[in-house]
Amino acid sequence: MIQGKTAVITGCLQGIGRSTLDIFAKSGATIFACSLKKTDEYTFHLSELYQRYNSEIIPVYFDMMDNEAVKSAAREIQRHKKNIDILVNIAGMNHDAMFPMVTMTDMQDTFQVDFFAQIIFSQYIVKLMQRGGNGGSIINTSSISGLDGRAGQLSYASAKSALVAATKTMAIELGPHKIRVNAIAPGMIDTDMYQNVPSEIVSAKVQATQLKRMGKPEEVANTILFLASDLSSHITGQVIRIDGGMGA
Amino acid sequence: MNNLEKYNKAFMEILNVAELDLESLEYQKISAWDSVGHMQLIAALEDIFDIMFDTDDIIDFSSYVKGKELIAKYGVTI
């Protein structure tokens, strides 16, 4: 589906980003795998992917809290002189707090990583997409919190909601360049994010889904793969819920 | 090809203008230099000179002449 294409994926260290990295490698893409930091486990995983699928994977490390680092990362990618076909913005952060307890610092940090840095990074990468004149596909990671709201997630939900508006606006502006822009809105996905959530809360949330289970990171990654590929060639400006029917 | 020739070539090829018209060329004064043309021009110049413009500079890039001044910030002399 994306054999021979070049993708930039952020947030590859774990969770949905890791699963997307795996599926893209399996699908034969060249990947700029962006993550916050380098770990032994992650480095070993990248080498395993290369050995298993022979996909070219170029690790890029930067902190999305730092706009200069975001630019440096884009510059590093630019130096490889590859036409970028796909950008998947997954890196994110979350500060849970009830509305009266939300601090300005938490809100600014969340918006920096979940919104501002993603827009800035996309601005840089879009220019690399235009080189070949073949357009491309951008997938932003929103959340059902950004669509429905969620108690205790004012900062996160607001930033993810802003990302939906940005996705639609970018789709309108980048359409003439043959660049499609879509967003995914995962619901409860079985990642590290839920490790510290009390089991009764997890259980209640599972019951709120129609499929009565948490989603798997690879199920989200498969949707990203679809949006990245030509199978979705006439889809742009859309938000796809991956929530087991939570919003049905 | 020197830097000025490379710079001019990018404008002439992407915006389809003659060399004689370059000095007076301004953003949105000709149909080819619209927002789409602007992005193509910026991408081409970044490739040619191996630089990456800051967003503020992309916005400030309002003419052929202004572009020369902005590119100098990235260590490229035209």
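1. The lining of the largest pocket is made up of 24 nonpolar, 16 polar and seven charged residues, where Ala, Val, Leu, Ile, Met, Phe, Trp, Tyr, Cys and Pro count as nonpolar, Asp, Glu, Lys and Arg as charged, and the others, Gly among them, as polar. The model is a predicted one, in which local features need pLDDT of at least 70 and side-chain atom pairs count only at pLDDT 80 or more, while totals for chains, interfaces and linings use all residues; side-chain values use heavy atoms, with hydrogens and water left out. Residues are numbered from 1 along each chain as its sequence is written, and chains are lettered from A in the order in which they are written.

2. The largest pocket holds about 1,200 Å³ of space, and of the 47 residues that line it, A:Gly92, A:Met93, A:Asn94, A:Tyr156 and A:Met193 are the closest to its centre. A pocket here is, on a 1 Å grid over the protein atoms alone, an open set of points where a 1.4 Å probe fits, with protein on both sides within 12 Å along at least five of seven lines, and lining residues have an atom within 4 Å of a point; the volume is the space filled by probe spheres set on the points. In chain A, H1, strand S2 (30–35), helix H5 (144–148), helix H6 (154–174) and helix H7 (199–207) each supply at least two lining residues, and H1(A) gives the most, with three. Helices (H or I, at least four residues) and strands (E, at least two) are DSSP runs numbered from the N terminus.

3. The second largest pocket has a volume of about 610 Å³, and the closest to its centre among its 19 lining residues are A:Gln123, A:Val126, A:Glu173, A:Leu174 and B:Met39. Helix H4 (104–129) and H6 of chain A, together with H2 and H3 of chain B, each supply at least two residues of this lining, which by class has ten nonpolar, seven polar and two charged residues.

4. Over all chains there are 14 salt bridges, each being a side-chain nitrogen of Lys or Arg within 4 Å of a carboxyl oxygen of Asp or Glu. One of them pairs A:Arg18 with A:Glu41 at 2.8 Å, N to O; A:Arg18 lies in helix H1 (residues 15–26) and A:Glu41 in helix H2 (residues 40–53) of chain A, so the pair ties together parts that are 23 residues apart in sequence.

5. What joins the two chains through A:Lys71? B:Asp54 forms a salt bridge with A:Lys71, with the closest N and O atoms 2.3 Å apart; B:Asp54 lies in the loop between helix H2 (35–49) and helix H3 (55–60) of chain B and A:Lys71 in helix H3 (residues 67–79) of chain A, so the pair joins two chains. B:Asp54 is partly exposed at 28% relative accessible area, whereas A:Lys71 is buried at 13% (buried is under 20%, exposed over 50%, partly exposed in between, with a 1.4 Å probe and protein chains only).

6. The largest nonpolar core has 36 residues, and A:Val8, A:Phe62, A:Ile77, A:Ile84, A:Phe121, A:Ile125 and A:Ile138 have the most contacts inside it; such a core is a set of buried Ala, Val, Leu, Ile, Met, Phe, Trp, Tyr and Cys residues joined through side-chain atoms within 4.5 Å. H4(A) contributes the largest share of this core, eleven residues. A second, separate core of 30 residues includes A:Ile2, A:Phe24, A:Leu46 and A:Ile242.
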